[in-house]
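Welcome! Please take a look at the model below, and then we can walk through a few of its features together.

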Amino acid sequence: MKKLLLLSVFALILFSCGNQKSKKQVAVQPVTEVAILSVDDLIKQSADLADKEVVVKGTVMHVCTHSGKRCFIMGSNEDITIRIEAGDKIGSFSQELMGSDIEITGVLREVKTDAQAHKPGEHAGEHAKGEHKEDAATEKAHKVIADSQEKSETVYFIEGIESKVL
Amino acid sequence: MKIRKLLRILHRDFGYFIVGMTIVYALSGIFLNHRYDFNPDYKIFVSEFQTDFRNKTNLTQPEVESVLQSLDQKVVYKKHYLTNRGIVKVFIESGEVLINPKTGEGVMRYLRKRPIIYGMNKLHTSSLGTVWKWGSDAMAVILLFVAVSGLFILKGKRGFNRWGWWLTAAGFAIPLVFALLFI
């Protein structure tokens with residue numbers, strides 16, 4: 001009996017610690033109303049919505065086979081897609097979701113390519129004219145990077161908070 | 001109560017308590033280790049078939065459904081679309097079907113969950129949301145306690161000081177060697 005009591009107390013302490021934290025998290029989150037977007041609309045407005053909470057609905061066209069930790073939902077055609085990363089609350093996406101319409105609440109994130117991360121123009125701007133001399137090879141390399149930067153595209157994905165099958 | 005006696009009692013009772021969870025984690029750990037050798041969650045059945053369609057650019061829903069009905073496997077239609085490569089991709093419950101409307105060739109990929117293993121893998125990867133994450137953390141703490149308390153239960157010739165530390169060191173050495181060699 002004593003041992004059972006000891007076990008119960010131990011379990012109670014562990015679980016109560018976890019519950020306190022989740023209560024705090026709920027209290028901090030602001031209550032906001034977010035419009036439900038289609039994938040097409042989300043992609044169009046992606047630059048403005050980066051790092052903001054969004055709600056998007058679309059058809060699941062692919063679920064990561066090995067872990068289910070991410071899926072892709074499509075809009076009006078297969079070229080208009082967005083990747084969804086399953087957050088803690090979602091856990092994972094099941095393969096059975098393929099072809100289902102789902103509604104995802106999450107934060108839209110922006111991924112910059114290497115070419116974009118490297119901005120030689122900005123670095124050069126930090127120096128006064130003539131102060132920063134570069135050889136021809138470096139100039140050429142910077143031009144190549146600048147060109148690829150223009151061609152590169154920004155990729156967006158959603159850090160999923162909640163998902164709902166429609 | 002002496003410390004060693006208390007440890008023995010706690011080790012025994014927590015040990016009983018944690019058996020189920022240890023089995024889940026150990027078995028699913030083996031399956032997940034081999035996730036690139038085979039799909040640990042689903043059995044995947046791939047079958048090819050031929051339809052009567054020729055030189056078509058797209059298929060209507062009734063046409064797709066008639067194809068699905070003719071297949072050996074009973075499948076439920078969800079929706080379909082035409083891919084950029086001109087292939088009709090059909091979503092079915094538990095899988096997908098690809099049909100080439102020009103040649104009539106088709107492939108079905110049907111998934112079936114591995115009954116118990118699927119559930120164990122989901123538990124192992126903490127894919128069931130926040131509550132389970134904390135629950136499994138608690139179980140991990142208990143397992144840690146059982147492992148460490150086990151070191152101090154026996155005394156004498158077969159106790160940790162004279163016998164146990166060799167085996168404990170060996171247990172640490174194996175992952176350490178791999179870590180040093182490959183990380």
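## Strands and cavities

In chain B, strand 3 (residues 88-92) and strand 4 run antiparallel and are joined by five bridges. Strands here are DSSP runs (E, at least two residues), numbered from the N terminus, and two strands pair if DSSP finds at least two bridges between them. The model is predicted, with pLDDT of at least 70 needed for local features and 80 or more for side-chain atom pairs, while totals for chains, interfaces and linings use all residues. Residues are numbered from 1 along each chain as its sequence is written, chains are lettered from A in the order in which they are written, and side-chain values use heavy atoms, without hydrogens and water.

B:I92 has B:G95 of strand 4 as its bridge partner. Two residues lie between the strands of this hairpin, where B:S94 takes a positive phi near 70°. Four of the five residues of strand 4 (residues 95-99) are buried, that is, under 20% relative accessible area with a 1.4 Å probe, protein chains only.

Strand 4 of chain B also pairs with strand 5 (residues 105-113) of chain B, antiparallel over five bridges. There, B:I99 stands opposite B:G106.

| Cavity | Nonpolar | Polar | Charged |
|---|---|---|---|
| Largest cavity | one residue | five residues | two residues |

Residues lining the largest cavity include A:H66 and B:L32. Among those lining the second largest cavity are A:F93 and B:Y118.

Methods:
On a 1 Å grid over the protein atoms alone, a cavity is a set of points where a 1.4 Å probe fits but cannot get out, and a pocket is an open set with protein on both sides within 12 Å along at least five of seven lines; lining residues have an atom within 4 Å of a point. Ala, Val, Leu, Ile, Met, Phe, Trp, Tyr, Cys and Pro count as nonpolar, Asp, Glu, Lys and Arg as charged, and the others, Gly among them, as polar. Buried means under 20% relative accessible area, exposed over 50%, partly exposed in between (1.4 Å probe, protein chains only).
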